[in-house]
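Reader: I have a model open on my screen and I'd like to learn how to read it. Could you walk me through it?

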Amino acid sequence: MARRNLVIAGSVLAVVVLYAVLVPWLAGVDDRVTDFAQARQAPSADHLFGTDSAGRDLFVRIASGIRTSLVVALLCALLATVIGVVVGTAAGFWGGWPDRIIMRSTDAVNALPHLLLGIVIVAMFRGSLLAIVLSIALTHWTQVARIIRSEILSLRQRPYIDAAVLAGASRRQVAVRHLVPATAPQAMIAVVLLLPHAVWHESTLSFLGFGLPPHEPSLGTLLEEARSSLLLGGWWTLVFPAAVLVIVTLAVAFAGQALRKVITPPQPSELRL
Amino acid sequence: MIALTGVLVLTACTTPGGSVDGASAAGADGTDGIVLADGYELGGYNPVAGFGAAGEAKMYDGLVRLTGGEGMPGFEPALAAELPTANEDATVWTVKIRPDVTFSDGSTFGAEDVVATYEAILDPASASEARSSFDMIEEVVQTGDDTVEFHLAYPYAPLLTKMLIGVVPSESVATPGLAAESTLNTAPIGTGPYTLVDLSPDRAVLEANEDYWDGAPEVKKLTLLYVPDDNTRAQRMASGEIDGTNLPPLLANTFEGKDGMTVTAHTSADWRGLSLPTDNPVAGDPAVRMALNLAANRQSMIDNVLGGHGRVAATPIPEVYGDAYEPGAIFTYDPARAEQILTDAGWIEGPDGIRVKDGQRAQIALMYNSVDTVRRDLAQAFASDALAVGVEVNLEALSWDRIDPRINTDSTLLGGGDEPFDPDTQAYGALSSVFVQPDVGSIYDNPSDYQDATVDAALEVGRRSLDQAERDAAYREVQDAYIDDPGYVYLVFLDHTYVSKDAGWTMSGPVLEPHAHGVTWGPWWSLQSWTRD
Amino acid sequence: MTTVQAGREERPAGTGQDAGQAGTVPDDAPRPSEGQAPSVQDLRRGRHRDIWAMVGRRLLFIVPVTAAVSAGLFAAAKYSPFDPLVGYLGTRYMTTSDADKAIISEQLGFDRPWYSTYWGWVQDLFGGDLGLSRSFNQPVAQVIGERLPWTLLLAGTALALAVVVALVLGIAAGVRSGGILDRGVTALCVVVQGLPPFVMSLAAIAVFALALGWLPAAGLTDGGADPTVGGVLRHLVLPVVVLAISQVPWLLLAVRESVVTSKGEDFVAGAVSRGIPTPTITRRHIVPTSLAPFVNIVGVRLPELVVGAVLVEEVFSWPGVAGAIVTSARDLDMALLAFLTIGTTVVVMVGSLLADVVVALMDPRVSTDG
């Protein structure tokens, strides 16, 4: 079941990524070239998804948009995971009062309306890619930290760790050589599971005008543009980017879920779809 | 949980906590009131801080007011009893004050109020944004019960344009202080045709001044709504909730042909163009400057970005200026010649299609204000045109505080025409090399650091001469000289577009509009003179 | 953090949002109900004491968190590359000279270090003065007073609607898990999880306001009119429905999940074997045990509701406080921003605490240890 889901979600994702990578390349269109005389053309054989407000082909532009959004999301997810792994490892490894303090702070961050704080932070530093990445990463590492911590806790019970300690390995060596590498699968799952959230976040921030500049294609900026194009009759400027956004986030989310089930033991109940 | 409790309380008492207070709105149903949605913030109604400098303030009167009509508007006396007169070198102007006018607080208008208003504008303690544009005025003195004299630092022919700004009671500016902090911002006291009766961040209600010296307005009530988003204003207009609003041209065009709606386009001197800073190694190059002017397809921008509502620009002087306009001063769209000029100047195409000269890539950063879709589209269209001749224009969407520090080094998509009622106020700030010196004027005066001796000389003649023919000739010379040595790429003059609901009023007709184009302009600029059909 | 053992984990496709940690239990969390066997009264008294202790601990916890968040906000504002004068001067920013900007900056205290501004704000706050909102040009108390009721109306109605829909559909789907309704509802939920609220808002406006013209697209009332019950209700429909729909999937799937879980538990099997009819089992046994995790999820989802409200208010020009957060952050209007952010943080934390208390009272198996 999980494997089948992984294959389906993975295939959808592969198609999306191929679309994002190949289409702009094959089309050979320069994003900077506009033709306002061709603005807001309805979908046709020439323009599968129609054209945007500057007369650019939306089929190509959405592909570029996915690419931007995925790259931004990947950066966010990676950074969040790195923070989470560091915090989680530290807590799980030291145990005792450092663990208590670290996990209390994690709870504190978790209890905040963090999406809102993210919006506030990015609004203060708007227009900067670093701000987007940081605002998402700094508010989303807590789950990763929790997962990694419990992983470390269970790993510490394993015989080979005892063996390493008996063989005279220092605490640091044990942590760096054995514990952290062993959390790699969990960390990978965490990255994948964070991706859709990051895509979602980037599009929201760009939509509010705090993210990427309006002339650069991302799923968020394309949807922002749709807001005014809708009034000019351009339904396709909303429908296609929105559909792609849903497909991308769902495919990544399902792939992540399925991946987790393949890697970790089955959980009590399963979602049927 | 908290929110859930909240709703229970609210739904239980059926009338949710009254949050919007004030008088009931006339709305679309009212017969003698109108409701307009504005994209500009409400409040900030203090003339000392620069409000209504072009005479559009409904709560105030200036010494003079605009006459309107097609073409260049004239001036007629308002709080002045007759048109002010100048001495022969235009350094002393005498104004006779209109008698029997009262302010909205009941006090009587007099010469001392004129003196106090202008002194407050010029007082550094007010920190008025208008101060630098009034710097020709040395002092204003009361010379009789009903006369004041303006003493100028240098001859200044178009002084009437500085008399459009509203006059406030002397008591309201008795204590020096920041104009932006004055109570006049939210509780204006003026002699104008309307008085403000209610103000909240998203709604202002104005009522007709029944004692107005020029007769009480027939439109009794004006409600202004602050709706910053263009799309939202369009939606509310479409659903018939409001009587009128200003919209970007493409959105306005969607109302064309709708029953009971009228789309109005008013000619303006509001230009869009970009600066080419002299200090920039690419944008400062005369060949690049000329080539970019020839490469820009201005007509296509008007047809497609502005939905036809605009005019081609080559200099800051539009055709509507009549004799002061030089018809020959235009740039014809000619990308081939642009490429030739670049090649001749040593800008040779590199492997990626972008030209290079002495190791310098032909790339320019163009900053534009990100909230304005027309600027975004013009910037994109221009970047595309420039790319076609081998010049790379990299767009940056920024807010003004981020643009400010870089304005003398990188290109900016600018708008102009704040005070369009004389060629001097229209062109001097943009082209005079006086502003190349740091700390002279605002940073938006001559941001290209443009310097041309012929242009400078002609600008001074136009500014000082009282002879209309001599002035016109001087401004034609400015345009001729600029065309041979451009320092900007002036792209278009916008026609400001408005949508209004037909309600059986006879309006007074259009007026040439300045840069600002909220609902204080458009068909509503002369609201006080509207009459029932 | 209260933790729930019933209906734990495995929520489907955590797309875009993180309901995630709601039902998780740290593996090493002690369970107070284990151990020696005291009397029932002792148990109940001890349990109440535990809950009160949890409430006290969590309330104390709010103090350092809000202090840290507010201090962080002021520091961030100081390091922001944007000039707070833009928000203050608005369009006049462009034409004000540098010298005058310096004067205004000094008068408004923009050049002071952040901790000094922050300390001033804290002192004013405890003195009962919320300060002046520069972007709205009104006292903060007035901005909040005028806008909060509308946000409560919007968010409260939406939450109530979402809760009802989630309970009804979730129980129906869970009871007949695997049926057509279950599959349809679950699939729909998954798709909605991938749709950000702003996309839904745009789609709702496009269809119901622009294409069909049934409902107004923006604002609280028709332009310039005073709010009337009928007028506000008409304007309320689209934003409330969008906000509710955006929250339903998490709630619904949580209900469905716990219904499915409790169906498999011994007491249900026992009831079935005693021949009790299915509707009765559902009403008496399955639904009550499924409510605790549901309330917990509602508490956990509060932050998402707030963000949803921000987006919905922004798109529908709803004059509430959530939209004001965006405006004040953009303008670095610290008096308003700090109060709104801290207020939201406290509401969210207290809200989730309340949810946990309700859960702990409803379900004795729940641990009160964090």
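Predicted model: local features only at pLDDT ≥ 70, side-chain atom pairs only at ≥ 80, totals over all residues.

Reader: Which residues of chain A does UniProt list under "transmembrane region"?

Author: The UniProt record, an unreviewed entry, puts that feature at residues 6-27, 70-95, 115-139, 179-200 and 235-255 of chain A. Take residues 179-200 of chain A as another case: that span is 95% helix and 0% strand, and its end C-alpha atoms lie 32 Å apart.

Reader: How many helices and strands are there in chain A?

Author: Chain A has 11 helices and zero strands. Its C-alpha trace spans about 75 × 45 × 35 Å along the principal axes. Of the 273 residues in chain A, 54% are buried. And if you look at contacts in chain A between residues at least 6 apart in sequence, 69% of them join residues at least 24 apart.

Reader: OK, now packing. What describes two packed helices?

Author: Two things: the angle between their axes and the distance between the axes. The crossing of helix 4 of chain A with helix 5 of chain A is right-handed.

Reader: Which residues meet there, in helix 4 and helix 5 of chain A?

Author: From helix 4 of chain A you have A:His114, A:Leu117, A:Gly118, A:Ile121 and A:Val122, and they meet A:Ala131, A:Ile132, A:Ser135, A:Ile136 and A:Thr139 of helix 5 of chain A. Sorted by class, the residues of this contact are six nonpolar, four polar and no charged.

Reader: And between the chains? How many residues does the contact take from chain B and from chain A?

Author: Chain B gives 22 residues and chain A gives 17 residues. On the chain B side, several elements supply at least two residues each, among them helix 3 (230-238), helix 6 (298-305) and strand 18 (392-398). Helix 8 of chain B brings the largest share of that side, eight residues. By class, the side of chain B that touches chain A has 10 nonpolar, eight polar and four charged residues.

Note on methods
Residues numbered from 1 in each chain as written. Chains lettered and ligands numbered in written order. Contact = placed C-beta atoms within 7 Å. Helix = DSSP H or I, 4+ residues; strand = E, 2+ residues; numbered from the N terminus. Nonpolar A, V, L, I, M, F, W, Y, C, P; charged D, E, K, R; others polar. UniProt positions renumbered as here; feature names shortened; annotations may be inferred. Left-handed = near helix turned anticlockwise from the far one by under 90°. Buried ≥ 20, exposed ≤ 12 C-beta atoms within 10 Å, placed from the backbone.
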